[in-house]
Amino acid sequence: MPNIVGFSGTDLNLYHNLLVDLTEMYCQMWEYDPNFGEYKKCHECGKFYSHAWVEANKFVTKTPCCASNFVPAWPRKETMEKIISHGNDSTFVGYLLVEESEILGFSWGKCRWNYEMTEKLGNELYSPLLVSNPEAPACFYLEELAVSPSQRGRGYGRQLANSVLSGAVKIYPNHTSVLTTHKNSDAVKIYIKAGYAYLGDHPGVEDRVTYGIDRVSSLQLDNI
Ligand SMILES: CC(C)(COP(=O)(O)OP(=O)(O)OC[C@H]1O[C@@H](n2cnc3c(N)ncnc32)[C@H](O)[C@@H]1OP(=O)(O)O)[C@@H](O)C(=O)NCCC(=O)NCCS
């Protein structure tokens, strides 16, 4: 029976196999997920191309969007560095779903300054949260939530989200909170139940949507 366990950058630094396995699962999750389909991307504009698209267009050597090169959407070394840097952030809250030594799911978030969120999302998307919570010190950004396809539909996604958000409620109750997902992801149901509201389409990445809540303490964790 899998367990949900907290983790931090220290664990990733101490246990190299954990870092390698998490990186591999993380990359494959976004590469193979039929919604995200982030296998290759355009070197020029960053548009994603799925496995299915690449397979069906084997002989296409330049991206149709910009006539540029295809590059891996999730290069392992850089992704590993990104995961470590998240884990080492002092505001990081992260949980893994594990069975014996196998990683079956993950979720984490960390705080970002309000100006960073405005830069990332644009003023139009982020400022409504600040208007209703002008004292917000920063934003708790729920970065990731994923469960291995073999384990889905058993409540682990909800439990992982609940664990991370419970941590955020304890430590960052007055922050705003924001997340980005794919518009067709099953995660949307979890986020709406928790009290997140649709803010708008994510600027720049097709089919990605942004959800937010003005105050972390308003999250309804009993609902998820
Ligand atoms: C989103 C995700 C984490 C959910 O994990 P999970 O363990 O299946 O989630 P749960 O079992 O807790 O179920 C959560 C909701 O999804 C629904 N769901 C789960 N599997 C489903 C399926 N195969 N078909 C339809 N709905 C499904 C559940 O019914 C539940 O909704 P409910 O509360 O209305 O009943 C998982 O589908 C996933 O990893 N998806 C790919 C990555 C992704 O999209 N992540 C979010 C990006 S931020």
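## Overall fold

The chain has eight helices and 10 strands. Its radius of gyration is 18 Å, close to the 17 Å that the globule rule gives for 224 residues, so the chain is as compact as a globular protein of that length. This is a predicted model.

Along the principal axes, the C-alpha atoms fill a box of roughly 55 × 45 × 30 Å. Of the 224 residues, 33% count as buried. Take the contacts between residues at least 6 apart in sequence: 70% of them join residues at least 24 apart.

## Ligand shell

The ligand is surrounded by 20 residues. The closest are Arg152, Gly157, Arg158, Ser185 and Ala187.

Seven of its residues are nonpolar, seven are polar and six are charged.

Most residues other than glycine have a negative phi. Two residues are worth a look here.

Ala67 is not a glycine, yet its phi is positive, about 55°. Ala67 sits in the loop between α3 (51–56) and β4 (70–72). Ala67 counts as exposed because it has 10 C-beta neighbours inside 10 Å, and the cut-off for exposed is 12 or fewer.

Asp207 also has a positive phi, near 65°. Asp207 lies in the loop between β9 (197–201) and β10 (208–213). With 15 other C-beta atoms within 10 Å, Asp207 is partly exposed.

Note on methods: Residues are numbered from 1 along each chain as its sequence is written. This is a predicted model: local features need pLDDT of at least 70, side-chain atom pairs count only at pLDDT 80 or more; totals for chains, interfaces and linings use all residues. Helices (H or I, at least four residues) and strands (E, at least two) are DSSP runs, numbered from the N terminus. A residue is buried if 20 or more other C-beta atoms lie within 10 Å of its own, exposed if 12 or fewer, and partly exposed in between; C-beta atoms are placed from the backbone. A residue is near a molecule or strand if its C-beta atom, placed from the backbone, lies within 6 Å of it. Ala, Val, Leu, Ile, Met, Phe, Trp, Tyr, Cys and Pro count as nonpolar, Asp, Glu, Lys and Arg as charged, and the others, Gly among them, as polar. The radius of gyration is taken over C-alpha atoms; the globule rule is 2.2 Å times the number of residues to the power 0.38. Two residues are in contact if their C-beta atoms, placed from the backbone, lie within 7 Å.
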